[in-house]
Amino acid sequence: MKILLDMLFSEEHRMVRETTRKFAANELAPIAEEIDEQERFPLEVYKKAGENGLIGSTIPVEYGGGGADLLTNALIKEEFCRIAAGFGMSMNMCTTNFSFLVSKYGTDEQKSRYIPPVIEGDHVAAFCLTEPESGSDALSLKTHYQNQGEAFVLNGSKTFITNGPIARYFMVVTRQQGTKGAKGGTLFILERDMEGLSTGTPFKKMGMRCSPTGEVFFENVTVTRDQILGEEGQGFKIMFEILDEERILGASTGLGIGHACLDAAVKYARERVQFGKPIAAFQMVQNLLADMTTRLDIIRQYTYCLCPLVDQGIKLTKEAAIAKYYASTMATRAGLDAIQVLGGYGYIREYPVERYMRDAKLLEIGGGTSEIQKIIIARELLRE
């Protein structure tokens with residue numbers, strides 16, 4: 001695998017991966033169990049990540065970012081998710097779903113105002129799409145706005161919003177009142193202290209516990225035209241244009257969790273002695289390890305080969321959905337297999353594999369369920 005990856009990675013990619021790996025080991029690993037139990041997002045680590053350039057890797061240099069490619073972002077996310085997947089998910093929401101969108105579609109004033117505080121680690125951002133009655137069917141959302149001269153009045157609510165309870169900035173997907181389907185969608189950038197905007201208490205979750213998730217409410221929130229991202233009525237178009245990146249980065253989360261599971265299982269199998277020899281010597285344990293590393297290596301090669309193609313502007317709807325679907329399945333299976341290798345110890349919190357499994361399950365639900373990914377894959381296949 002190392003030889004194959006070396007063919008994909010430049011020297012800069014390898015440096016970023018090692019820098020992130022060391023940072024995560026030093027800053028995140030010592031508190032990973034604690035922040036999971038406390039359900040706390042470590043703002044102190046987020047701030048340090050910003051100071052080290054790890055939040056704004058793909059943001060243009062003129063706005064304080066690294067100007068790097070998608071593969072760089074994917075490697076950073078994988079390394080953070082290898083230690084604490086919730087942290088990697090919350091940070092990437094700030095990097096990709098907020099800062100990258102602003103850098104690509106925002107006005108100069110929006111870029112200067114919103115990007116630096118986020119990628120420097122001073123403020124957290126959220127992307128508000130899902131609603132109580134609008135999950136997989138994103139176009140059925142009901143949060144709407146009315147035009148009132150040069151102002152817009154927003155009403156509605158969002159749920160399952162990553163970073164919602166702590167975000168300073170909110171990118172909100174709305175539709176013009178009276179529109180349906182793919183028409184009338186508009187993105188607004190809102191701020192926490194705006195009148196009429198409020199957030200609920202963090203949800204108590206099975207996994208990804210250090211990533212705060214909750215509801216966001218809009219009650220007659222009045223905004224001006226300069227808070228629209230892109231053009232009015234182009235919100236859905238903009239949102240769909242980054243789906244390939246979002247799915248590939250979702251696969252990166254699975255890669256990080258899968259790698260953590262494999263590392264833990266191999267280490268335990270070498271150290272645990274039964275019947276006078278390490279359990280790594282037993283064929284059934286070897287079968288589990290072989291299956292884990294095979295799935296992990298296949299999806300890593302596949303996912304990272306897609307990154308430069310996306311950077312070239314090639315549309316990869318089917319391929320990105322395959323990456324997201326298979327990586328999600330692989331990560332959940334890796335969590336279960338790692339627990340099986342550790343046996344009773346895998347089931348208790350003294351070892352982190354039970355946390356990895358809990359975190360992995362979200363990948364089959366969030367960012368488009370595995371069932372939705374399969375529908376997309378089949379649809380694109382039949383279209384071909």
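Helix 5 (70–83), helix 6, helix 9 and helix 10 (283–311) each contribute at least two residues to the lining of the second largest pocket. The model is predicted: local features need pLDDT of at least 70, side-chain atom pairs count only at pLDDT 80 or more, and totals for chains, interfaces and linings use all residues. Residues are numbered from 1 along each chain as its sequence is written, and side-chain values use heavy atoms, with hydrogens and water left out.

**Second largest pocket**

- A pocket is an open set of points on a 1 Å grid over the protein atoms alone, where a 1.4 Å probe fits, with protein on both sides within 12 Å along at least five of seven lines; lining residues have an atom within 4 Å of a point.

**Largest pocket**

- The volume of the largest pocket is about 1600 Å³.
- The largest pocket is lined by 49 residues, with T130, I365, G366, G367 and G368 nearest its centre.
- Elements that each supply at least two lining residues include strand 3 (151–162), helix 11 (317–342) and helix 13 (370–383); helices (H or I, at least four residues) and strands (E, at least two) are DSSP runs, numbered from the N terminus.
- The lining of the largest pocket has 21 nonpolar, 16 polar and 12 charged residues.

**Aromatic pairs**

- The count comes to 16 aromatic pairs, where rings of Phe, Tyr and Trp (its six-membered ring) pair if their centres lie within 6.5 Å; planes under 30 degrees apart count as stacked, over 60 as edge-to-face and the rest as tilted.
- Y145 and F152 form an edge-to-face pair, 5.7 Å centre to centre with 70 degrees between the planes.
- Y145 also forms an edge-to-face pair with F188, at 5.2 Å centre to centre and 75 degrees between the planes.
- Because Y145 lies in strand 2 (residues 144–148) and F188 in strand 5 (residues 185–191), this pair ties together parts that are 43 residues apart in sequence.
- F23, F41, Y46, F80 and F87 are linked into a cluster by ring pairs.

Note on methods
Points joined across faces, edges and corners; volume = space filled by probe spheres on them. Nonpolar A, V, L, I, M, F, W, Y, C, P; charged D, E, K, R; others polar.
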